[in-house]
Amino acid sequence: MKIYERYTDVELAAMGLPGEMPKHVAIIMDGNGRWAKQRLMPRSFGHRAGMEALHDIVREAHCLGIKALTVYAFSTENWQRPVQEVNALFGLLTEYFEKEIDELDANGVRIVTLGDLEPFPPKVKACMLSAIERTKDNDGLHFCIAINYGSRAEILRAVRNISKLGLDEKDITEELVSDNLYTREQPELDLIIRTAGEQRLSNFLLWQAAYAEFVFTDVCWPDFSIDEFRKCIVEYMKRTRRFGKVVE
Ligand code: IPE
Ligand code: IPE
Ligand code: MG
């Protein structure tokens, strides 16, 4: 089992990453199907390769000193895919948790999910809940997995929860909305990476993305390496974030 070491400032500078590290990075892991098609293989083959690619990226996020990594694993719209593909994805998710949990836990990673877990088969749900429970007191990287996640559903859920509080209109604030989203314990979103060349959000973190930077890469998710990840962060560090202010 690997124990993750944080990079030193000297190491980060040597990688071309001397700037301020994003605290919260989200990844839309896209292109598994195309990656498989290019190899004349079924889509599930691409999903397996995609699951394997995740291992190194989570470790790297920890080593870089990123506080929260959120990945889009299954959207509320992905239920429209063929049932065999959906089942293959659930099988891979369960396998991922079973395979990775010891290493993640040993490295202080806290697992969080975003999305409604209710519709999942009991075995898949139990596996996710046990990973969440086991790592809930860890204080390392927050590894947030968006499964059966849709940003509109998330915002709607927040609105419904807030409406039950019987508050005065003036007490309904942006902060209160943020506190009712799945990301309530994560830092502000700094960077969204999307692989496989598409340039859209596909119902991911619409509220949280208000001032996030976007980096798009043509690389399909199964080929997204540590090197690619670092390139995205180098790109992020070149950006000037203004937040509506004048920045000289
Ligand atoms: C991303 O890869 C994984 C999921 C959406 C679950 P895709 O399966 O969307 O791959 P492409 O976009 O069809 O290539
Ligand atoms: C977004 O990718 C969802 C995930 C990566 C889990 P999709 O492949 O489902 O998005 P669209 O359909 O291309 O917008
Ligand atoms: Mg896709």
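In what follows, Ala, Val, Leu, Ile, Met, Phe, Trp, Tyr, Cys and Pro count as nonpolar, Asp, Glu, Lys and Arg as charged, and the others, Gly among them, as polar. The model is a predicted one, in which local features need pLDDT of at least 70 and side-chain atom pairs count only at pLDDT 80 or more, while totals for chains, interfaces and linings use all residues. Residues are numbered from 1 along each chain as its sequence is written, and side-chain values use heavy atoms, with hydrogens and water left out.

A pocket is an open set of points, on a 1 Å grid over the protein atoms alone, where a 1.4 Å probe fits, with protein on both sides within 12 Å along at least five of seven lines, and its lining residues have an atom within 4 Å of a point. A volume is the space filled by probe spheres set on the points.

| Pocket | Volume | Lining by class |
|---|---|---|
| Largest pocket | About 600 Å³ | 15 nonpolar, 8 polar and 7 charged residues |
| Second largest pocket | About 410 Å³ | 8 nonpolar, 5 polar and 6 charged residues |

The largest pocket is lined by 30 residues, and those closest to its centre are Met-29, Asn-32, His-47, Tyr-72 and Ala-73. Two or more lining residues come from each of helix H2 (32-38), H3, strand E2 (68-75), H4 and strand E4 (142-149), where helices (H or I, at least four residues) and strands (E, at least two) are DSSP runs numbered from the N terminus. Around the second largest pocket there are 19 lining residues, with Ser-178, Glu-188, Leu-189, Trp-207 and Gln-208 nearest its centre, and helix H7 (residues 174-179) gives the most to this lining, with 3 residues.

Helix H3 (residues 43-64) also packs against other helices. Its axis comes within 10 Å of that of helix H4 (residues 83-106), and the two cross at roughly 25°, so H3 is roughly parallel to H4, a term for angles under 35 degrees. Residues in this contact (heavy atoms within 4.5 Å) include His-47 and Met-51 of H3 and Leu-92 and Tyr-96 of H4. By class, the contact of H3 with H4 has 8 nonpolar, 3 polar and 7 charged residues.

How values were computed. Chains lettered and ligands numbered in written order. Axes fitted to C-alpha atoms, helices over the stretch in contact; angles between N-to-C directions. Parallel < 35°, antiparallel > 145°, perpendicular 65-115°, else oblique.
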